[in-house]
Amino acid sequence: MEGWDPNTKSTLTQIPLLTTKAGPRDGAAWTQRLKEEYRALIAYTQMNKSNDNDWFRISAANPEGTRWTGKCWYVHNLLKYEFDLQFDIPVTYPATAPEIELPELDGKTQKMYRGGKICLTVHFKPLWAKNCPRFGIAHALCLGLAPWLAAEIPILVDSGMIKHKDDAASSNES
Amino acid sequence: MDDELLELQRQFEFAQQAKSSIRLSERNVVELVQKLHELRIIDFELLHTVSGKEFITPEQLRHEIAGEVKKLGRVSLIDLADTTGVDLYHVEKQAQYVVSEDPGLMLIQGEIISQSYWDSVAEEINERLQECSQIALAELAAQLHVGSELVASVLEPRLGTMVKGRLEGGQLYTPAYVARVSAMVRGASRGITVPTNLSVLWSTLQQLLQEMEGATGVAVEGSFFQSLFNGLVKEGEVLGTLRAGLHWTPTVFAIAQKECVDSFFSQNSFISYDALQKLGISQPIQFLQSRYPEGIPLVTAFVHPSLTEMLDAAIEDAIEHGSWLDSLSVLPTSFGSQDAYKIVSVCPSLQSALKAKKVLIMGDSYIFSSSFVKDVYDRLEKEMETFSHSGSSANMLGDDSHLVKEAKARQDLSPFETGSESGNSKRGTEKGSKKKKGESSVTKTVSAEGDSENEDYIPTKSKKNQKKRKDTSSSQVSDSRKGAKKDSIKPQEEIVPSEEWLMQKLMVLVPDFEEQGVDDPQTILKHLADYLRPMLINYWKDRRKALFTENVEKMKRLLDNLQRKLDESFLNMQLYAKALDLFEDDQSTSVTLHRHLLRTVATSIADMLFQNLDVHNKLKNGTQVEDSQSSEGISLSPGERTAMAKSFPGSQSKRALAVVEALEGKRVETFMAALRDLAEESGLLLKKLDKKLERTLLHSYRKELTSQVSAETEPVLLLPKVVSLLYIKVHSRALQAPGRAISVAVTRLKDKLDDSAYKILTDFQTATVTLLALMSAATGDEQDCLSDRILSEKELLGSQMPALKALVLGSSQS
């Protein structure tokens with residue numbers, strides 16, 4: 001579990017683990033799995049809220065629950081930077097982790113694959129593989145996206161690659 | 001769609017919609033507070049914890065500090081800073097505030113300590129103390145991590161209440177322990193009977209305690225003993241005096257000391273400092289002076305005035321009787337001479353006598369009355385006079401040594417062995433006999449009267465000596481040796497009186513020096529001699545000087561006289577000697593004549609010269625010569641002459657001996673030469689005979705002879721004179737002829753005289769010869785015929801005398 005900051009770790013351990021090993025093609029088992037995913041997400045969200053650390057909103061975009069969309073944000077220098085968030089559940093899930101995309105930031109940073117998929121740390125994959133099928137969407141967000149945002153957004157803001165929407169508006173106005 | 005799933009979806013939705021609880025970050029809060037502070041909404045001081053997560057008001061901090069102190073009793077500020085999480089600086093500040101507010105707290109070395117803490121500590125200590133009976137403060141302080149002084153200051157008010165014990169020299173003791181140690185101290189100090197240095201005692205006690213308690217026992221400080229001891233002294237449990245805080249003199253000792261001193265002093269009325277020192281009194285003089293203010297401190301002893309009175313009486317007696325006194329003999333034996341001097345000097349009688357110059361102190365302890373010294377001096381002066389009268393100093397000194405021996409012999413009956421050995425016994429015994437007769441008269445004139453007495457004296461004496469010799473052989477040996485030494489030394493010394501001589505003299509003069517039992521009379525004699533000697537020497541010098549001036553006069557006179565006489569007689573002699581030339585051809589007659597001349601005229605000249613030279617020499621040496629006149633006519637024997645010649649100094653003696661020799665010879669000329677030499681050596685002038693002088697001399701001689709011839713009645717004596725007169729007439733030579741040479745002289749006149757005159761002369765001569773032959777033949781018996789013949793011859797001669805006289809006188813007249 002090395003490679004993550006203590007906050008992330010403590011949070012991760014508090015997210016309930018999943019038990020069902022099923023992908024989107026496994027029918028009823030997937031449903032079962034989806035239920036578990038929801039429970040985990042609820043717990044994670046509640047945890048974030050209680051810690052005044054709410055940072056995303058997601059919802060299933062299709063009834064099967066294989067595509068998810070939503071928003072995520074990060075506060076830097078008292079300014080809230082908000083981005084769209086989307087990802088699909090791969091068919092080999094849960095052996096393969098979902099690839100989280102931030103389409104707005106596509107091409108603005110090197111830590112990103114084409115299409116806005118974020119690059120995860122080298123530690124992520126082994127950890128995920130090790131914890132399959134206990135890790136779910138909530139874990140992926142917590143381990144993948146949250147550290148990425150914390151690392152990349154300040155750099156992007158300072159380098160001027162991204163601008164706060166107010167600033168952008170004001171600059172547009174002017 | 002699964003209901004459950006839908007439900008979960010809704011729940012998730014709801015969870016996401018739910019308002020998240022707002023949380024301010026620390027940073028925000030800090031900023032907020034700062035803002036509030038800036039805006040003076042918070043108008044009091046606000047402290048923050050070290051972590052920066054908390055703000056705290058000073059009141060709260062004080063409260064917390066107080067609470068902590070109350071809980072623990074003793075808190076270090078550093079600990080407080082930790083527990084409150086506030087910076088040490090603020091903690092210190094607030095702690096000071098807290099401590100100043102609460103009198104029950106104290107801030108010591110970064111620690112706040114409450115009285116209750118001390119109380120509990122005191123209780124603890126008390127418990128331990130009751131167990132161990134003694135605890136070192138240092139130990140406690142180390143345990144509590146505070147200074148021992150602090151511990152002491154804290155414990156002091158609690159001693160006796162919370163801590164049952166006493167604090168002594170950094171140690172806590174229980175009363176029982178103190179009692180035990182104080183009992184030890186009391187026992188030890190009561191056991192002491194001599195002055196002691198207390199620290200020594202304490203160290204032994206310490207050792208004792210250590211042994212009793214084993215190695216674990218804490219060393220008890222000497223000061224603890226000391227304070228216990230001081231307490232005991234104050235309470236009067238031990239008696240004595242303490243000097244310089246350490247020197248303890250028990251009363252017992254002091255009393256014993258005092259009693260000892262008192263008893264000795266009252267019994268003997270003196271006490272020596274040595275004795276006091278033995279008793280342990282280090283400063284005897286001060287001690288005694290404070291105790292006996294009337295006493296007199298001397299150099300080695302302290303005396304009561306009563307002793308002085310005794311001495312005073314003795315001195316007074318000595319002065320009154322014109323005697324002397326060795327103060328040491330009156331004083332106790334332990335007194336030294338310096339003591340004697342000191343004590344003597346305080347005697348009132350002596351002081352008054354000294355003022356009146358009636359007394360002399362010699363060699364510290366000897367006291368002589370002036371009259372005594374004067375007496376001795378006078379006697380010595382007389383002695384010196386006789387000394388100068390007697391011949392040589394060596395001789396006299398030799399006598400003296402015998403005299404001293406005599407004196408000694410009378411004292412301890414020692415023999416005068418040395419005297420007899422050196423062959424002087426006779427003189428010695430002479431002196432001895434004289435001594436016997438007149439005790440103190442020491443005259444040195446050698447008189448013949450003692451001879452007969454000596455002869456019976458010697459045997460008795462020697463017998464006595466032999467008897468006593470056995471008893472006192474040892475002392476004799478030394479004596480005789482001493483005497484022998486003196487004998488050998490004496491002659492070398494000058495006439496000036498030597499110290500030894502003086503001492504011996506004094507011994508003889510004042511025999512009571514020994515009679516009084518003085519151990520070593522030499523010392524006192526030496527002092528006296530030292531005193532007298534310069535005076536005597538002065539006197540002696542004066543005498544010498546006077547004598548010299550006197551003698552110079554005498555010498556002058558003597559030499560003048562001598563010169564005159566010598567001139568006269570020598571001229572005569574020359575005159576006579578000339579006459580001898582007539583008989584040069586006749587050997588036997590010449591010898592006879594030479595001898596005659598030497599015997600008569602030359603001898604008298606030589607004697608006269610010798611005697612005068614002798615007197616002169618003596619005068620020169622400063623000796624007194626009184627009867628130079630009486631020695632004029634004395635004729636000397638050859639032996640005496642030789643002795644005298646030998647006594648002359650140097651070359652004079654040689655010449656004189658030559659003269660003596662010549663006197664025994666046969667030639668007048670050799671004598672004359674020797675005599676001239678001697679005279680020249682002696683500074684005298686011998687006149688040579690010249691014509692003019694010869695004539696006058698002859699003339700006077702002839703005149704004299706003529707008058708003698710005319711006055712002469714004895715025919716035998718007439719002949720030589722007539723013959724001499726005839727020789728003067730005929731040959732103008734003065735002839736001195738002995739009887740034997742007369743006939744030859746007469747025959748020689750034959751050619752020069754008339755036949756008748758010659759006839760008368762020869763007749764007279766033959767008649768004289770027969771008369772003399774007859775007279776020599778007559779032995780005094782009454783042989784009538786012989787005496788008749790002598791008578792007839794005499795008559796014949798008597799008848800012829802006028803013719804003979806006429807022959808001479810007539811011719812002279814014509």
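Two strands pair if DSSP finds at least two bridges between them. Strands here are DSSP runs of E, at least two residues, and helices are runs of H or I, at least four, numbered from the N terminus. This is a predicted model, where local features need pLDDT of at least 70, side-chain atom pairs count only at pLDDT 80 or more, and totals for chains, interfaces and linings use all residues. Residues are numbered from 1 along each chain as its sequence is written, chains are lettered from A, and side-chain values use heavy atoms, without hydrogens and water.

Chain B first. Its strands S12, S14 and S13 form an open antiparallel sheet, in that order. S12 (270-272) and S13 (296-297) are the edge strands, each pairing on one side only. S12(B) meets S14(B), residues 301-303, over three bridges. There, B:Ser272 has B:Ala301 as its bridge partner.

Now two helices. H4(B), residues 77-84, packs on H5(B), residues 88-101, at about 115°, with the axes 9 Å apart. Axes are lines fitted to C-alpha atoms over the stretch in contact, and angles run from 0 to 180 degrees between N-to-C directions. The pair is therefore roughly perpendicular, a label for 65 to 115 degrees. Contact means heavy atoms within 4.5 Å. From H4(B), B:Leu77, B:Ile78, B:Leu80, B:Ala81 and B:Thr84 meet B:Leu88, B:Val91, B:Glu92 and B:Ala95 of H5(B).

Last, chain A. A:His76 is in strand S2, residues 67-76. Is A:His76 buried or exposed? Buried, because its relative accessibility is 14%, and the cut-off is under 20% (1.4 Å probe, protein chains only). Beyond neighbours within four places in sequence, A:His76 contacts A:Tyr81, A:Pro154, A:Val157 and A:Asp158.

Key: Buried < 20%, exposed > 50% of the residue type's maximum accessible area, 1.4 Å probe, protein only. Parallel < 35°, antiparallel > 145°, perpendicular 65-115°, else oblique.
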